There are 2 protein chains.
Amino acid sequence: MARTASLSGFPEWLPEERLVELHVLDTLRRVFELHGFASIETRAVETVGQLLRKGEIDKEVYGLSRLQEDEGEAKGKGDHHALALHFDLTVPFARYVVENAGYLSFPFRRYQIQKVWRGERPQEGRAREFTQADIDVVGDGELPFRYDVEIALVIAEALSALPIPDFRLRINNRKLAEGFYRGIGLEDTAGVLRSIDKLEKIGPAKVAELLKAELGATDEQAQKALQLAGIRTEDTSFVAQVRALGVSNDLLEEGLNELEQVIDAAVQRAPGKVLADLSIARGLDYYTGTVVETVLVGHEQLGSICSGGRYDALASKGNRKFPGVGLSIGVTRLVSRILSQDLAKASRSVPTAVLVALTHDDSWGAAQDVAAQLRSRGIPTEVAAKAEKFGKQIKFADRRGIPYVWFTDDDGTHQVKDIRSGEQVVAAPETWMPPAGDLAVQVATADAVAGAVNA
Amino acid sequence: MARTASLSGFPEWLPEERLVELHVLDTLRRVFELHGFASIETRAVETVGQLLRKGEIDKEVYGLSRLQEDEGEAKGKGDHHALALHFDLTVPFARYVVENAGYLSFPFRRYQIQKVWRGERPQEGRAREFTQADIDVVGDGELPFRYDVEIALVIAEALSALPIPDFRLRINNRKLAEGFYRGIGLEDTAGVLRSIDKLEKIGPAKVAELLKAELGATDEQAQKALQLAGIRTEDTSFVAQVRALGVSNDLLEEGLNELEQVIDAAVQRAPGKVLADLSIARGLDYYTGTVVETVLVGHEQLGSICSGGRYDALASKGNRKFPGVGLSIGVTRLVSRILSQDLAKASRSVPTAVLVALTHDDSWGAAQDVAAQLRSRGIPTEVAAKAEKFGKQIKFADRRGIPYVWFTDDDGTHQVKDIRSGEQVVAAPETWMPPAGDLAVQVATADAVAGAVNA
């Protein structure tokens with residue numbers, strides 16, 4: 001990254017950096033649409049009441065007020081009709097589903113790629129304005145478990161298509177964990193989950209203390225809970241490991257069965273990308289089954305780059321429930337890391353493949369004709385604004401990163417020069433094409449770029 | 001439009017409506033990139049000081065504050081370091097250019113497609129949250145006038161590619177108008193422009209009164225100013241009409257020459273799309289030459305759907321000036337009109353072209369294999385979640401608007417059914433392709449749709 005943001009927590013990209021971000025967004029969109037997810041956007045703004053429905057999170061929310069308010073406009077901070085910026089895409093999506101249930105057909109599959117805002121203290125991997133890319137499937141009344149499996153596979157495919165390091169989806173199941181805690185006699189399962197969620201931060205000894213001090217767990221209960229959280233397998237062998245702990249509970253069985261289905265499918269269809277990790281808890285309390293976090297291998301300290309899970313009752317309308325399962329990719333976190341560590345880069349900084357040079361100042365119209373012919377065949381083309389010396393026009397193209405310059409002689413002969421190699425050939429505007437690698441901007445991982453240079 | 005927004009002024013689209021918006025956005029992006037414009041985004045948030053730099057517009061601005069502010073955090077409304085949502089993309093772009101001047105190469109061509117917010121009273125064609133699509137070319141120190149011509153042609157090409165009614169760019173030039181006013185002895189040219197700007201709203205008689213009452217114009221001066229504003233030509237004949245008014249002024253000559261270049265190029269390269277309209281003033285005071293407004297023919301009451309012009313000093317850094325020329329398309333205004341009047345529609349409401357049906361509940365894996373093969377060739381495909389009766393699975397596809405259902409017999413034979421025609425054929429997952437019109441969602445004007453049905 002060349003610069004620091006002029007406003008802390010609000011990153012902005014240079015054009016060549018934005019091309020990397022665009023590549024990430026286009027790739028995600030393509031994969032999501034290939035899997036039948038429809039695009040929606042929700043407004044950036046929710047009522048404060050809507051955002052605080054789930055409690056907890058008010059600290060991070062940006063409230064809105066018009067700088068010059070009308071007399072009598074209600075805008076108290078405690079006012080639940082006041083407006084605020086959304087802090088994720090799940091809460092707005094839940095509202096959207098309820099409001100539009102009569103116009104949607106279920107199971108409703110949607111992707112949503114938008115900015116969200118949180119007033120947290122900015123740090124690496126955590127911005128105040130950032131882009132999320134979410135997919136969810138939502139049912140009306142019920143939603144087959146199979147969608148949990150499918151969502152994990154779609155995300156593994158989407159992440160595999162990005163110019164990022166290897167990654168691992170770490171998957172657990174709330175039913176499995178809650179059933180297990182009940183089975184060993186710990187009834188405040190939310191409390192246990194909250195403590196287990198701190199495992200990576202404070203270590204097992206302190207978690208054991210927490211479980212004993214705050215939840216009244218015995219030594220043996222604390223140890224069992226920690227043993228469960230220590231299970232991490234690349235295949236379905238976690239099932240045997242859990243059973244070996246000798247705990248019996250119906251909800252545990254249901255969770256084991258669900259997680260086994262996810263891992264079993266992933267071993268076949270996304271080998272090496274998925275782990276059963278029984279320490280994963282997820283902070284927010286609306287998850288009811290599958291829970292997922294994702295790390296970049298070698299970048300674990302960055303935190304999760306894709307999280308989510310199954311929620312059986314995030315949205316409801318009277319008696320009508322809309323269960324869902326979804327995952328959210330932290331696009332800005334990913335792109336920041338790609339840029340700060342040069343993990344991938346764009347092949348040039350402008351879309352333009354060809355600059356049509358001007359021979360005379362009054363040949364601008366003829367040059368526009370050449371450009372129009374090139375564009376009609378999908379070749380991004382600019383026309384020089386002034387008939388400067390060719391050397392200057394070539395320098396102009398070079399400075400902007402444009403690979404080809406087009407010349408038209410007074411006798412109507414066209415030539416095109418690859419200004420990187422200096423090679424110049426006679427060409428016709430109706431037929432000439434640059435190599436595929438030059439037609440559009442390419443974004444490739446640093447490895448691939450190095451490989452191409454060495455090849 | 002099926003519904004009204006649940007929050008007035010904050011429209012949200014249903015999935016099939018969003019497809020129309022996406023088509024508009026994709027089309028604009030494609031045209032902009034073909035002309036060598038690079039994508040950037042700026043943060044949604046500016047400091048209040050930055051936004052108020054140009055005065056006037058504070059009434060419409062949404063200020064931000066964290067719902068739970070830290071002790072001592074500065075957030076007074078008068079505080080110029082406080083944050084607010086941007087109300088257009090020009091002011092943020094000017095800041096971006098100044099901040100990043102060292103990393104950009106000039107003339108810098110960028111497009112920017114983002115949401116903006118204004119706290120105005122919502123009405124048809126005017127939302128509180130809406131999307132703009134801007135293109136600008138910005139120079140370092142100077143910017144050849146030719147870019148004024150080019151920007152108008154790019155926008156005419158972009159709008160021509162959209163599923164919208166015919167449109168007219170109405171173009172004027174501030175130098176022409178200001179030079180003329182000076183030439184007839186009216187020195188408060190900004191005041192005259194403000195009055196002329198009201199022409200369409202209050203009519204010529206009232207504008208004449210304004211000019212006399214507020215600017216001390218004589219009858220004759222007011223009549224001359226109105227005669228100028230009455231000139232509207234589809235070619236460069238406006239030049240002779242202005243000259244016939246017998247006013248002489250250097251700035252006027254410069255403006256006449258500039259506008260003549262724009263109209264002359266447009267007559268050749270965008271015939272019928274552009275007018276010289278000498279009544280166009282544009283409210284904001286930073287324009288210094290070309291000014292543009294755009295109307296949809298037959299929808300003039302909607303207001304301008306694309307506006308902008310030349311500004312010689314929007315951005316500066318010490319003595320360094322960054323002149324620019326740009327136009328901004330009101331995407332939400334356009335899309336709202338397309339949807340509310342059924343001017344165009346999507347061929348289906350989901351990206352999915354094929355639903356792979358399940359023969360047995362345990363054939364989900366095999367069905368996913370079929371789906372993966374179809375997707376690898378770019379065919380958006382979903383897999384059914386349950387092995388219900390085929391009739392039910394077909395109904396499911398029908399309800400979601402998916403045109404094809406894929407069946408795999410127990411003997412491994414594949415068949416695909418077009419559920420609109422009922423036609424069913426034997427097919428192979430490695431080779432079958434739907435017709436191009438079914439592969440991706442098509443968005444077409446209502447006329448084109450009607451034509452296709454009748455054909």
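## A tour of a predicted two-chain model

Leaving aside neighbours within four places in sequence, Phe130(B) is in contact (heavy atoms within 4.5 Å) with Gln114(B), Lys115(B), Val116(B), Arg118(B) and Thr332(B). Before we go on, a word on the ground rules: this is a predicted model, in which local features need pLDDT of at least 70, side-chain atom pairs count only at pLDDT 80 or more, and totals for chains, interfaces and linings use all residues. Residues are numbered from 1 along each chain as its sequence is written, chains are lettered from A and ligands numbered from 1 in the order in which they are written, and side-chain values use heavy atoms, with hydrogens and water left out.

Back to Phe130(B), which is found in strand β6 (residues 129-138) of chain B. Helices (H or I, at least four residues) and strands (E, at least two) are DSSP runs, numbered from the N terminus. Phe130(B) is buried, with a relative accessible area of 13%. Here buried means under 20% relative accessible area, exposed over 50%, and partly exposed in between, with a 1.4 Å probe and protein chains only. From Phe130(B) to Gly365(B) there are 235 residues in sequence and 43 Å in space, C-alpha to C-alpha.

**How the two chains relate**

Chain B can be superposed on chain A by a rotation of 180° with 0.0 Å of shift along its axis, giving an RMSD of 0.1 Å. The two copies are thus related as by a two-fold rotation axis. In chain B, the C-alpha nearest that axis belongs to Leu64(B), 2.4 Å from it. Both copies use the same surface, as 100% of the contact residues of chain B recur in chain A. The superposition is by least squares on the C-alpha atoms of residues with pLDDT of at least 70 in both copies.

Thr381(B) is buried, with a relative accessible area of 0%.

**The sheet in chain A**

Chain A holds an open sheet of nine strands with mixed pairing, in the order β1-β5-β6-β12-β11-β10-β7-β9-β8. Its edge strands are β1 (38-39) and β8 (232-233), each of which pairs on one side only. Two strands pair if DSSP finds at least two bridges between them.

| Strand pair (chain A) | Sense | Bridges |
|---|---|---|
| β7 (residues 167-173) and β10 | antiparallel | seven |
| β10 and β11 (residues 306-317) | antiparallel | two |
| β1 and β5 (residues 108-117) | parallel | two |

Arg168(A) has Val295(A) in β10(A) as its bridge partner, Val291(A) has Gly309(A) in β11(A), and Ser39(A) stands opposite Tyr111(A) in β5(A).

Strand β10 (residues 290-296) of chain A is mostly covered, with seven of its seven residues buried. Both of its faces are covered: Thr290(A), Val292(A), Thr294(A) and Leu296(A) lie on one side, and Val291(A), Glu293(A) and Val295(A) on the other.

According to the unreviewed UniProt entry, a "binding site" annotation covers residues including Asp88(A), Thr90(A), Arg118(A), Arg282(A) and Tyr286(A). UniProt positions are given in the numbering used here, feature names are shortened, and annotations may be inferred rather than shown by experiment. Arg282(A) sits in the loop between β9 (274-277) and β10 of chain A, and Tyr286(A) lies in the loop between β9 and β10 of chain A. Not counting residues up to four places away in sequence, Arg282(A) touches several residues, among them Arg174(A), Asp197(A), Tyr287(A) and Glu293(A). Tyr286(A) is buried, with a relative accessible area of 9%.

**Helices and domains**

Helix α3 (residues 90-100) of chain A is mostly covered, as 10 of its 11 residues are buried. Among them are Thr90(A), Phe93(A), Arg95(A) and Tyr96(A).

In chain B, helix α1 (residues 15-34) has 20 residues and reaches 28 Å from its first C-alpha to its last, close to the 28 Å expected at 1.5 Å a residue. That expected span is 1.5 Å times one less than the number of residues. Of the 20 residues of α1(B), 14 are buried, so this helix is largely enclosed by the rest of the structure. Gly36(B) follows α1(B) and has a positive phi, near 80°.

Chain A is divided into domain 1 (1-66 + 78-164 + 298-324), domain 2 (166-281) and domain 3 (354-439), with bounds from an automatic or database domain assignment. The C-alpha centres of domain 1 and domain 3 of chain A lie 43 Å apart.
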